[in-house]
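Good morning, colleagues. Please take a moment to look at the sequence and the model on the screen.

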Amino acid sequence: MKKISIMIPCYNEEENVQAIYEAVRNELQTNCAAYAYEILFIDNKSRDRTRQILEQICSRDKNVRAIFNLKNFGQFNSPYYGLTQTSGDCT
C-alpha cells in the first residue's frame, strides 16, 4: 500500500494544532482511504502549549509523529528538515 506523508510546521499554534490535525486526518481517512498515511508535525521551539497538545495527539494516534526542535531554526530550515524526515511515497 502506498503511503502519503503530510508535514505540518508549527510555532506557537496551541489554538490551531488540534483543529488542523483533525481536519487533515479526516480528509485522509475520507478521501484517501486507499493509502496509508502519516502526519508529521515539526515544532519550531514553540513557547506556548503546542508541544503538550502534540504529545497528547501522538499518544492517541499511531499515524502521527512530532519533532520538537531544541531551538528555533527559522521558517525555512525547520520545514525543510521536517520534509527529510517523512517516510511516505509522497509528501
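I shall describe the sheet, and then the helices.

This is a predicted model, in which local features need pLDDT of at least 70 and side-chain atom pairs count only at pLDDT 80 or more, while totals for chains, interfaces and linings use all residues. Residues are numbered from 1 along each chain as its sequence is written, and side-chain values use heavy atoms, leaving out hydrogens and water.

Let us begin with the sheet. Three strands form an open sheet in the order E1-E2-E3, with parallel pairing; strands (E, at least two residues) and helices (H or I, at least four) are DSSP runs numbered from the N terminus, and two strands pair if DSSP finds at least two bridges between them. Strand E1 (3-10) and strand E3 (64-68) lie at the edges, each pairing on one side only. Strand E2 (residues 36-43) is joined to E3 by five bridges. Asp-43 has Phe-68 in E3 as its bridge partner.

Next come the helices. Helix H1 (residues 17-31) packs on the sheet and touches E1, E2 and E3, where contact means heavy atoms within 4.5 Å. Helix H2 (residues 50-60) also packs on the sheet, touching E1, E2 and E3.

Which residues of helix H3 (residues 74-84) are buried? They are Ser-78, Pro-79 and Gly-82, buried meaning under 20% relative accessible area and exposed over 50%, with partly exposed in between (1.4 Å probe, protein chains only). These buried residues pack against E1 and E2. On the other side of H3, Phe-76, Asn-77 and Tyr-80 are exposed.

Technical notes: Axes are lines fitted to C-alpha atoms, for helices over the stretch in contact, and angles run from 0 to 180 degrees between N-to-C directions.
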